[in-house]
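Please keep the model in view while going through the numbered points.

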Amino acid sequence: MALLEVKNLGISFGGLRAVDDFNISVEQGQLYGLIGPNGAGKTTVFNLLTGVYRPSDGIIKLAGRSIIGKTPDEICQIGIARTFQNIRLFKKMSVLDNVKAALHHQIKYSLVGSLLHLPPYSQKETEMNEKALEILQVFDLDSEAGTLASNLPYGKQRKLEIARALATNPKLLLLDEPAAGMNPNETGELMETIRLVRNKFEVTILLIEHDMKLVAGICEYLTVLNFGTELLTGEPEAVLNDAKVITAYLGE
Amino acid sequence: MNRMKLNNTITNIIFIIVSYAAVSLIVTSGILSRQMTSLIIPIGVNIILAVSLNLLTGFLGELTLGHAGFMSLGAYTGALITVNTELPEMIGLPLALIAGGVVAAIFGLVIGVPVLRLKGDYLAIVTLGFGEIIKSVLTAMEFTGGAQGLSGIPKYTTYKNFTIVFIFVVITILLIKNLVYSRHGRAICSIRDNYIASEAVGIKISKYKIMAFVISAFFAGIAGVFNAHNIGILKPDNFDYNKSIEILVIVVLGGMGNIKGSVIAAVVLTLLPELLRDADNFRMLFYAIVLIAMMLFNNSGLRERMTSWIKSKKQVKTATGGE
């Protein structure tokens, strides 16, 4: 059974059909790419998967359970984490606190414990610090744990966003244009990081990307979206050389 | 790490003891005029109000203009208990404090739920309206004494009995500070920084917004009880939007999300009108001017420039081997 199962997904905003009859099936452990020209509805699909929008019709199942109608925070707890196209960090909080905020449901103590700083507080906070630093280490961010998130350079902010998403211990990680605004060097580095993340955290990854080198380099399977509908699904090589796909991107 | 924490705790305890000693010295020795001394309680009340409002505006990031409403609920609840029951002070005052806090907290919940969907200026307007509604209801009701006010409240918490107020000021600061540096506090701050991302990492926004509203209102209610038992008479007009704005000014001046700043600003801004008493008719004008000057000093980078200037002076001194 596929980890993520989406069938006939559709949403309308007034008269606009942003996503229509969209199907995707992502297997456990896969690195799956979702590509398509600008305005094709890729981010809308992400927003549907994470509960930001409620689909007009269709089925979304994670590990066999329907997640339709659930709120974003519930979906996160069920196991879908995401990053954003335009970075959304907790800017006035430290790098460490950004990750610790995402550990909210992993390591818990009561409100009374919070107000009075009872013994479980220090114990769990230490545990949280260790866990957060462990995650930050994977991204080479542990040395900047105390830095304010807004003071990080762009590339590191992107990494921190991925680190924060992983802290929620997801089954499925959605990356929305992780390489946007990066130079070829940084993109190369990011490809390595994404591979590493998949293996180390045993997470399934679905990513949106415009950088075809990255897509061809790491994705094992691709779905092309055009005008809100699925254009083609298959192995990267076949998909990227397909005449329909090239037409969708470049025109006739 | 643990050692640093211990050191911090010790510094805090010493600071609390020293400030308690200073306050009791001022009260018992009578070095200051009676007017100044009697400001001890309003200072404490304003600290509690400012620190609790800072939880909403500074940490949750929501602009609210109804804090005086919560305060008045606490004040009237507490006063009605001590006025209408014959309980001795030892029981009456704690009961009034708890009841005042709880009633305000309940209204925090009541107002918190409907305003969850509002943000920014819309929330500010709704909370402003809430404060005015409370005021109107208090004026219209008979058991609250109407516009005449509620008088004959036992003066349990005047400056002579400052200890209990002092204790509650410390408790308020500690609890809110503890809250901020916890997983719940992080959740609240993350909502302020980016509520979409906050939801995306699994934080239930509505729960934490309401939590912040309830806790903040609870302490505002307690501040109201102290206020009532200090002045001895309550009038709905004392809790209009001017009071809410006064508290907001303290929070903004002290710095959003800065508890220490709120405390200092509460002390300064409570004393200021009294210090300016000699200026007579121009008192409020000077008050406003000082306020503007302080805001500019705090926000225009003037302070940073000055500290760096002092630092560079020091460096020159050490470089040349002092005098």
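**Note on the predicted complex**

1. The model is predicted. According to the domain assignment, domain 1 of chain A covers 1–79 + 172–252, and domain 2 of chain A covers 90–169. The contact between these domains draws 13 residues from domain 1 of chain A and 11 residues from domain 2 of chain A.

2. Which elements of domain 1 of chain A supply at least two residues each to the side that touches domain 2 of chain A? They are α2 (72–78), β7 (172–176) and α7 (184–201) of chain A. The largest share, six residues, comes from α7(A). By class, this side of domain 1 of chain A holds eight nonpolar residues, three polar residues and two charged residues.

3. Helix α6 of chain A, residues 154–167, deserves a separate point. This helix has 14 residues, and the distance from its first C-alpha to its last is 20 Å, close to the 20 Å expected at 1.5 Å a residue.

4. How many of the 14 residues of α6(A) are buried? The number is 10, and the helix is described as mostly covered. Among the buried residues of α6(A) are A:Leu160, A:Ile162, A:Ala163 and A:Leu166, and the list also includes A:Arg158, A:Lys159, A:Glu161 and A:Arg164. The cover over the buried residues of α6(A) includes β6 (80–82), α3 (95–102), α5 (119–138), β7 and α7 of chain A.

5. Most residues other than glycine have a negative phi. A:Asn169, which follows α6(A), has a positive phi near 55 degrees. A:Asp140 also has a positive phi, near 65 degrees, and is a residue other than glycine. A:Asp140 is placed in the loop between α5 and α6 of chain A. A:Asp140 counts as exposed because 12 other C-beta atoms lie within 10 Å, and the cut-off for an exposed residue is 12 or fewer.

6. A:Asn8 is a further residue other than glycine with a positive phi, here near 50 degrees. A:Asn8 is found in strand β1 of chain A, residues 4–13. Is A:Asn8 buried or exposed? A:Asn8 counts as exposed, because it has 12 C-beta neighbours inside 10 Å.

7. Chain B contains 14 helices and zero strands. From the N terminus on, its elements therefore read α-α-α-α-α-α-α-α-α-α-α-α-α-α. The C-alpha trace of chain B spans about 75 × 55 × 45 Å along its principal axes. A compact globule of 323 residues would have a radius of gyration near 20 Å, and the 21 Å of chain B agrees with this.

8. Two further values describe the packing of chain B. Of its 323 residues, 44% are buried. Among the contacts in chain B with a separation of 6 or more, 78% are between residues 24 or more positions apart.

9. B:Ile292 is placed in helix α13 of chain B, residues 283–299. Why does B:Ile292 count as exposed? The reason is that 10 other C-beta atoms lie within 10 Å of B:Ile292, while the exposed class takes residues with 12 or fewer. B:Ile292 lies 224 residues from B:Ala68 in sequence, and the two are 23 Å apart in space, C-alpha to C-alpha.

10. The two chains also touch each other. Their contact takes 21 residues from chain B and 28 residues from chain A. On the chain B side, α7 (162–180), α8 (183–193) and α9 (195–200) each supply at least two residues. The most comes from α8(B), with eight residues. The chain B side divides into nine nonpolar, seven polar and five charged residues.

11. The last point concerns confidence. The predictor assigns the complex an ipTM of 0.92 and a pTM of 0.91. Chain B has a mean pLDDT of 90, and 96% of its residues reach 70 or more.

Note on methods:
Residues are numbered from 1 along each chain as its sequence is written. Chains are lettered from A and ligands numbered from 1 in the order in which they are written. This is a predicted model: local features need pLDDT of at least 70, side-chain atom pairs count only at pLDDT 80 or more; totals for chains, interfaces and linings use all residues. Domain bounds come from an automatic or database domain assignment. Two residues are in contact if their C-beta atoms, placed from the backbone, lie within 7 Å. Helices (H or I, at least four residues) and strands (E, at least two) are DSSP runs, numbered from the N terminus. Ala, Val, Leu, Ile, Met, Phe, Trp, Tyr, Cys and Pro count as nonpolar, Asp, Glu, Lys and Arg as charged, and the others, Gly among them, as polar. pLDDT is the predictor's confidence in each residue, from 0 to 100. The radius of gyration is taken over C-alpha atoms; the globule rule is 2.2 Å times the number of residues to the power 0.38. A residue is buried if 20 or more other C-beta atoms lie within 10 Å of its own, exposed if 12 or fewer, and partly exposed in between; C-beta atoms are placed from the backbone. The expected span of a helix is 1.5 Å times one less than its number of residues.
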